[in-house]
Amino acid sequence: MTILSPARHEPGERFPASERNRNRNQTRFPMRSRAVPLLLLVLVAAACGTTTADEGSGSGEATFTNPLLPSGPDPWVLQKDGVYYYMHTTGNNLTLRRTTNLSRLAEAEQKVVWTPPESGPNSKNIWAPEIHFLDGKWYIYFAADDGANRNHRMWVIENPSADPFEGEWTLRGKVSDPSDRWAIDGTVFEHQGQRYFLWSGWPGAENGVQNIYIAPMSNPWTLAGERVLLSTPTYDWEKVGDIHRENPANGPPHVDVNEGPQILARGDRIFLVYSASGCWTDSYALGMLSADADSDLLDPASWTKSPTPVFQGSPEAGAYAPGHNSFFVSPDGTEDWIIYHANPEPGMGCSGRRSPRMQRIEWRDDGTPDFGTPVPIGQPIPRPSGEAE
């Protein structure tokens, strides 16, 4: 994906380079004079991102550096049978990568597995794809619309092949609860024999706020009930969403955002990590809900929201607006990791300049995850434990 000129989009929209000519409601984000040299650093770091020996320590410990790729908004990782399957937003197709070493993601095999039709309700603005293996088949969930953001909905394609790089991917249809409201960032998880769907949606028919909803699933393409509201922006750090409007008819000048829900389970706790505030702002950050593993996950009262962000930007690290993450385990199963996207410079908005980065998760004595702070661009990080040489 190429580096683009200042992004233009509507609140709640996230346009990579391939989508920049499709924007109809336009807002300009400022570029800074330091952007070019630091962006070059990002590209060099990604191009040279193969693992190396840590020469300074004398230990020979293999390391890697962030970012993993020069571009990759909304990164998603699925681990199956020793292989990591990776996807991110391209905007105009579903591209799948696979590797046994995520620290070498830039070298991963990749393939475009689905291209949308020329027109129709799922033909434009393909966002936040996730691949899952459910009931013996492969599924990819993604958000798409017909070119108008207000028509964004969740969709799913299916492949019965044992190898997701082979076989035929077919459209199973729209994934929606009876309200059929605006929806993006869908994800699937299973707990105690029940499968659930999580996503970000509007409470009504108009933009202005994005909430996190949950619903049970009866099969990989069907929700078994009405949506349940789990989280709405309540704290100030979740409500940074001011955006300039030349024409008020294009939409609201402010949007409060909870989006990108992801599940991290450990012991007797379940954590729902989400992205808060507008992705077009530098205040985009991660928040967290927690619930007891034996509680009713469809009951909003089972969930408690952390009052402060659990992961946020660091100008010193070249990590602005970090968010829309997923989680994975090291090859030997001993470490938990987070993968997320961030901008290398301020004011870059929701464009294809967001790059995927990963780092290890630590665990506190009280059983909660400690995501730390973003590791600086180019700083050596020990590779996930168990990666092959």
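Trainee: What makes you say that the charged end of Arg227 sits over the ring of Tyr213?

Mentor: This is a predicted model, so we go by its atoms. The charged end of Arg227 is 4.0 Å from the centre of the Tyr213 ring. A charge counts as over a ring if CZ of Arg is within 6 Å of the ring centre and within 35 degrees of the ring normal. Another such case is Arg172, which lies over the face of Trp221 at 3.6 Å from the ring centre.

Trainee: Why is the pair of Trp182 and Trp202 called stacked?

Mentor: Look at distance first, then angle. The ring centres are 4.7 Å apart, and rings pair if their centres lie within 6.5 Å. The planes are at 10°, and planes under 30 degrees apart count as stacked. So the pair is stacked.

Trainee: And which parts of the chain does the Trp182 and Trp202 pair tie together?

Mentor: Trp182 lies in the loop between β10 (170–175) and β11 (183–191), while Trp202 lies in the loop between β12 (194–201) and β13 (209–219). The pair therefore ties together parts that are 20 residues apart in sequence.

Trainee: How do you know whether Trp182 and Trp202 are buried or exposed?

Mentor: Buried means under 20% relative accessible area. Trp182 has 1%, so it is buried. Trp202 has 2%, so Trp202 is buried too.

Trainee: How many aromatic pairs are there in the whole structure?

Mentor: A search finds 16. Among them is Phe64 with Trp337, whose ring centres are 6.1 Å apart with planes at 45°.

Trainee: Why is the Phe64 and Trp337 pair called tilted?

Mentor: Under 30 degrees would be stacked, over 60 would be edge-to-face, and the rest are tilted. The planes are at 45°, so this pair is tilted. The pair also links distant parts of the chain: Phe64 is in strand β2 (residues 62–64) and Trp337 is in strand β21 (residues 336–343), 273 residues apart. Phe64 counts as buried at 1% relative accessibility, and Trp337 counts as buried at 1% as well.

Trainee: What makes β7 and β10 edge strands?

Mentor: Their sheet is open, with four strands in the order β7-β8-β9-β10 and antiparallel pairing. β7 (124–134) and β10 each have a single partner strand, so one side of each is left without a neighbour in the sheet. On average, neighbouring strands here are turned by 25° against each other, direction ignored.

Trainee: How do you know that β7 and β8 pair?

Mentor: Two strands pair if there are at least two bridges between them. β7 and strand β8 (residues 137–145) have seven, in the antiparallel sense. Ile131 stands opposite Ile140 in β8.

Trainee: What about β22 and β23?

Mentor: Strand β22 (residues 355–363) is joined to β23 by two bridges, and at least two is what pairing needs. They run antiparallel, and Glu362 stands opposite Asp370 in β23. Their open sheet has the order β20-β21-β22-β23, with β20 (320–329) and β23 (369–370) at the edges.

Trainee: Last one: what makes the Ser103 and Glu387 side chains a polar contact?

Mentor: The contact is at 2.6 Å, against a limit of within 3.5 Å. Ser103 is in the loop between β5 (94–99) and β6 (109–114). At 3% relative accessibility, Ser103 counts as buried.

Note on methods: Residues numbered from 1 in each chain as written. Predicted model: local features only at pLDDT ≥ 70, side-chain atom pairs only at ≥ 80, totals over all residues. Heavy atoms only, no water. Buried < 20%, exposed > 50% of the residue type's maximum accessible area, 1.4 Å probe, protein only. Polar contact = N/O pair within 3.5 Å; in protein donor to acceptor, adjacent residues only side chain to side chain. Phe/Tyr/Trp six-rings, centres within 6.5 Å; stacked < 30°, edge-to-face > 60°. Axes fitted to C-alpha atoms, helices over the stretch in contact; angles between N-to-C directions.
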